[in-house]
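Please open the model in a viewer and keep the selection tool at hand.

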Amino acid sequence: MNVFAVLFSPERGFAAMGKNPPKPLPALFTAAWLGLIPPACAYAGASKFGWRLGVGEPVPVPPSLALTVSVAYYLFLLGGFVFAAFLMRWMAPTYGARANWGASAAFLAAAGAPLMLGGAAHLYPHLGLNLMLLAPAMMWSAYLLYSGLPAALGTNADRGMLMATSMLGVFFTAACALMTGAMLLWTLGIGPDIGFNWRFSVTG
Amino acid sequence: MNSARPNYDDRAIAPLVFCAMFWALAAMGAGVWLAAELVFPALNFNSPWLSFGRLRTIHTNAAVFGFGGSALMAASLYSVQRTCRATLFAPQLGLFVAAAWQVILVFGAFALLSGVNQGKEYAELPWIADIFVAAVWVCYAAVFFGTLARRTIRPIYVSNWFFAAFIIVVAMLHIVNSLAVPLGWGTSIPVYAGAQDAIVQWWYGHNAVGFFLTGGFLGMMYYFLPKITGRPIWSYRISILAFWSFTFTYIWAGPHHLHYNAVPDWVQSLGVAMSLILLAPSWGTMINGVMTVSGAWHKLKTEPALKFIALSLAFYGLATFEGPMMAIRSVNAISHFTEWTIGHVHSGALGWNAFVAFGALYYLAPVLAGRPLYSARLTNWHFGMGLAGVVLYMLAMWGAGITQGLLWLSMEGGEPRYGFMEILDAIKPYYIMRLFGGILFFSGTALMAWNLWKTFGGAPVAVSQPQLESESESTAELKSASEPADARAAA
């Protein structure tokens with residue numbers, strides 16, 4: 001499956017994807033290597049430059065810790081991808097789209113490609129730089145989600161728009177759940193030392 | 001059932017639509033200016049009238065009571081007549097309510113800009129304005145419930161349940177929270193002391209969000225969605241179940257605004273429990289809406305309002321998930337007082353409230369003007385800019401909020417590791433991103449205002465009145481909006 005065909009010529013790329021839906025395994029393989037970009041860059045950036053919280057000196061990150069965090073990041077990305085593909089396949093009949101693992105996974109990999117490529121910004125963990133690169137990458141992905149879904153999953157433009165909107169809602173809710181989960185872990189003492197323990201008293 | 005169509009009185013509706021647009025522009029314009037002030041503080045020009053504290057109250061009051069309030073009054077007074085098959089009760093009083101509400105808003109705006117402020121969130125207006133608000137609200141209730149009492153259809157359609165709860169509960173909240181001892185024309189002290197005042201204030205504040213921005217707007221959604229799609233609500237049973245569980249649960253959730261404060265622990269825990277329970281009716285409503293829209297996809301081409309309502313449901317789902325999560329105390333320990341809260345409010349206010357109101361206004365304007373919408377292309381641009389704007393805004397505030405929460409809690413030797421100004425500097429890139437998001441959303445709204453203005457005034461009549469009448473009285477109107485039995489059957 002050729003992701004770059006979709007990036008440079010979305011209409012033709014998604015139409016081809018709709019005509020010959022890729023098999024699930026090649027789609028998963030594509031997602032697996034695309035998903036490697038953000039954690040690999042995050043590993044390189046964090047171990048070379050440390051974490052920059054946006055204030056004070058960068059926090060040095062030992063390579064072993066950077067590796068653990070990056071592997072967890074990668075597993076979360078892959079898990080999220082499989083979950084989203086599952087949801088897309090589950091949702092498809094409601095919107096008259098093709099309920100097919102391969103088609104759902106391939107479409108998600110292609111639409112998410114700009115975001116994954118934008119993950120190269122992690123090479124230099126500077127907040128402003130990451131925002132500048134990831135915000136347009138996200139817009140590009142959202143554009144591909146809305147414009148490509150009907151052709152890739154074999155539904156009409158109107159139903160595709162509704163399905164894309166539902167998926168957008170799912171993505172934001174999942175992002176919110178991840179943030180909340182992270183907060184819960186931090187206050188339980190797992191993760192960065194935030195000077196605050198689960199009994200809600202100040203430490204340090 | 002009496003099938004004769006009564007003469008509906010819509011004289012108050014079109015002015016309210018215009019006022020809603022005016023206040024939307026005022027609120028969002030003030031919001032953009034405030035976002036710019038946070039990036040370039042010199043933009044307050046050292047004038048107290050342009051200071052952040054004063055402009056912010058204009059922003060919130062114009063958004064909630066100006067834009068939201070005017071749109072809700074227009075939607076409720078329009079829909080209650082159709083769903084009851086009855087003409088408006090005391091239409092002159094309806095006109096008075098529409099006009100008096102605007103007079104109060106303008107008076108309130110001048111009071112807030114000149115620094116007269118009670119210091120209570122969403123209840124900043126001086127005590128004298130509070131009395132007029134209560135009086136006008138009672139008149140509004142008389143018009144709405146008077147029309148409901150005149151109904152020629154026995155069942156009360158679900159949108160009217162939501163509008164009724166909105167009117168009754170907001171009256172109760174406003175009167176109880178505004179009880180104060182006046183010290184002068186512009187100053188007063190609340191009758192409650194200390195923690196009690198805080199509990200009453202957040203009982204009011206949270207339920208202003210609950211019954212004004214959620215209950216009222218759900219009434220709007222439950223009327224306009226079946227109307228635009230031309231099909232009944234997917235499950236009428238769920239809508240009624242969601243109404244009662246929503247009404248019972250929401251009223252208890254306010255204490256989650258007061259975590260780690262001088263409020264008893266059990267009150268905080270009750271607030272958390274009720275907030276989590278709220279997820280069920282909220283998502284029931286969202287699923288009901290999404291399934292109704294999904295069966296009416298073919299209407300997207302001809303009904304520009306529909307895509308706004310479809311998107312609003314996605315944001316409704318997100319905001320009603322995010323709220324309960326932020327109410328959990330260990331999450332709140334990090335998120336409280338940070339920009340994450342601002343992001344949460346705006347994903348609800350822009351993504352849900354504004355979009356569902358835009359849908360209602362895009363529907364109402366052509367029907368009231370007797371002309372087709374001026375430009376479908378402008379509507380599409382508005383949709384795209386609004387979506388991009390709210391997404392940028394929300395993501396920026398998520399990033400800023402987590403950064404703030406982490407840095408504020410970083411300690412070294414029992415002292416905060418970073419200074420307040422250092423942290424403010426760290427989140428500046430997010431403030432710039434939020435400013436862009438706000439400008440996009442405001443520009444989209446300006447396009448809509450232009451589109452509706454031209455719809456009302458500029459373009460020649462291209463569609464005959466009877467055609468529009470038949471459109472507005474399409475099968476959806478009473479088949480789905482006033483006959484729950486039909487809706488139940490369809491479900």
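Helices here are DSSP runs of at least four residues, numbered from the N terminus. The model itself is predicted.

**First stop: where the two chains meet**

Begin by colouring chain A and chain B separately. The contact between them involves 41 residues of chain A and 49 residues of chain B. Together the two chains bury about 3,900 Å², and 82% of this area lies on carbon and sulfur atoms.

Next, select Lys301(B) and Asp158(A) and display their side chains. These side chains form a salt bridge, with a distance of 3.1 Å from N to O. How many salt bridges does the rule find across the interface of chain A and chain B? The count is 1. The rule also finds 1 residue pair in polar contact across this interface, with both residues at pLDDT 80 or more.

Now select helix 6 (127–153) and helix 7 (157–187) of chain A. Each of them supplies at least two residues of the side of chain A that touches chain B. Helix 7 of chain A gives the largest share of that side, namely 19 residues. Sorted by class, the side of chain A that touches chain B comprises 25 nonpolar, 14 polar and 2 charged residues.

**Second stop: the largest cavity**

The structure contains 2 cavities of 30 Å³ or more. The largest cavity has a volume of about 230 Å³.

To find this cavity, select Phe65(B), Tyr122(B), Val133(B), His174(B) and Tyr204(B), which are the closest to its centre among the 19 residues of its lining. Then display helix 2 (52–84), helix 3 (91–113), helix 4 (127–149), helix 5 (158–177) and helix 6 (194–229) of chain B, the elements that each give two or more residues to this lining. By class, the lining of the largest cavity holds 14 nonpolar, 3 polar and 2 charged residues.

Which elements give two or more residues to the lining of the second largest cavity? They are helix 2 and helix 3 of chain B. Helix 3 of chain B provides the largest share, 5 residues. The lining of the second largest cavity has 9 nonpolar and 2 polar residues, and no charged residues.

Conventions
Residues are numbered from 1 along each chain as its sequence is written. Chains are lettered from A and ligands numbered from 1 in the order in which they are written. This is a predicted model: local features need pLDDT of at least 70, side-chain atom pairs count only at pLDDT 80 or more; totals for chains, interfaces and linings use all residues. Side-chain values use heavy atoms; hydrogens and water are left out. Contact means heavy atoms within 4.5 Å. Buried area is the accessible area (1.4 Å probe) that two parts lose on being put together, summed over both. A salt bridge is a side-chain nitrogen of Lys or Arg within 4 Å of a carboxyl oxygen of Asp or Glu. A polar contact is a pair of N or O atoms within 3.5 Å; within protein, one must be able to donate a hydrogen and the other to accept it, and residues adjacent in sequence count only if both atoms are side-chain atoms. Ala, Val, Leu, Ile, Met, Phe, Trp, Tyr, Cys and Pro count as nonpolar, Asp, Glu, Lys and Arg as charged, and the others, Gly among them, as polar. On a 1 Å grid over the protein atoms alone, a cavity is a set of points where a 1.4 Å probe fits but cannot get out, and a pocket is an open set with protein on both sides within 12 Å along at least five of seven lines; lining residues have an atom within 4 Å of a point. Grid points are joined across faces, edges and corners, and a volume is the space filled by probe spheres set on the points.
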